[in-house]
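Please read the numbered points with the coordinates open alongside.

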Amino acid sequence: MTKLLADENVPIETVKALKRKGVDIISVIEFSVGLTDREVLDLANREDRILVTFDKDFGELIVRGKAKVKGLILLRFTPKSPQQIARRLWQILTSEIPLENSLLIVKEYTVRLIRLKY
């Protein structure tokens, strides 16, 4: 299964719930608090992980700024709980949706896939 890096805005309870399901996910806060977006991207690349975030600035950095990343899961819904976020991510991870070299814009009931071309 794909390795993930959860941005600071993804609740640690979500990360723990996914770890219990066997997902290889770590949180940015396990490394440092207050990293810049570029530093988070660098960390994702160093760790060879797909970034999971609620911060749409990462989409801008990747699409317009041509920043490289293994993949980005951009969560664009108002979460009801950390468990809901974990369930939604689990749905994505267990689907046939390609994660690598992709930008996924994940809403509560839909997913938009943008293939990244480097």
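The points below go from the chain as a whole to individual residues.

1. Basis of the note. This is a predicted model, in which local features need pLDDT of at least 70 and side-chain atom pairs count only at pLDDT 80 or more, while totals for chains, interfaces and linings use all residues. Residues are numbered from 1 along each chain as its sequence is written, and side-chain values use heavy atoms, with hydrogens and water left out.

2. Overall architecture. The chain contains four helices and six strands, arranged from the N terminus as β-α-β-α-β-α-β-α-β-β. The radius of gyration is 13 Å, close to the 13 Å of the globule rule for 118 residues, so the chain is as compact as a globular protein of that length. That radius is taken over C-alpha atoms, and the rule is 2.2 Å times the number of residues to the power 0.38. Helices (H or I, at least four residues) and strands (E, at least two) are DSSP runs, numbered from the N terminus.

3. Along the principal axes, the C-alpha atoms fill a box of roughly 30 × 30 × 25 Å. The accessible surface comes to about 6,400 Å², with 49% belonging to carbon and sulfur atoms; areas come from the Shrake-Rupley method with a 1.4 Å probe, and for residues only the protein chains shown count as cover. Of the 118 residues, 45% count as buried (under 20% relative accessible area; exposed is over 50%, and partly exposed lies in between). Among contacts (heavy atoms within 4.5 Å) between residues at least 6 apart in sequence, 46% join residues at least 24 apart.

4. Arg49. This residue is placed in the loop between helix 2 (37-46) and strand 3 (50-53). Is Arg49 buried or exposed? Arg49 is buried, because its relative accessible area is 7%. A polar atom of the Arg49 side chain lies 3.1 Å from the backbone oxygen of Leu4. Beyond neighbours within four places in sequence, the contacts of Arg49 include Asp24, Ala44 and Lys70.

5. Thr14. Located in helix 1 (residues 12-20), Thr14 counts as buried because its relative accessibility is 1%. The backbone oxygen of Pro82 is 2.9 Å from a polar atom of the Thr14 side chain. With neighbours within four places set aside, Thr14 is in contact with Pro82, Ile85, Ala86 and Leu89.

6. Aromatic rings. One aromatic pair is present. The ring centres of Phe54 and Phe77 are 5.9 Å apart and the planes stand at 65 degrees, so the pair is edge-to-face. Rings of Phe, Tyr and Trp (its six-membered ring) pair if their centres lie within 6.5 Å; planes under 30 degrees apart count as stacked, over 60 as edge-to-face and the rest as tilted. Phe54 and Phe77 are both buried. Separately, the charged end of Lys21 sits over the ring of Trp90, 4.9 Å from its centre (NZ of Lys or CZ of Arg within 6 Å of the ring centre and within 35 degrees of the ring normal).

7. Positive phi values. Most residues other than glycine have a negative phi. Asp48, in the loop between helix 2 and strand 3, has a positive phi near 55 degrees and is partly exposed, with a relative accessible area of 40%. Lys66, in the loop between helix 3 and strand 4, has a positive phi near 60 degrees; Lys66 counts as exposed at 62% relative accessibility.

Key:
Buried < 20%, exposed > 50% of the residue type's maximum accessible area, 1.4 Å probe, protein only. Polar contact = N/O pair within 3.5 Å; in protein donor to acceptor, adjacent residues only side chain to side chain.
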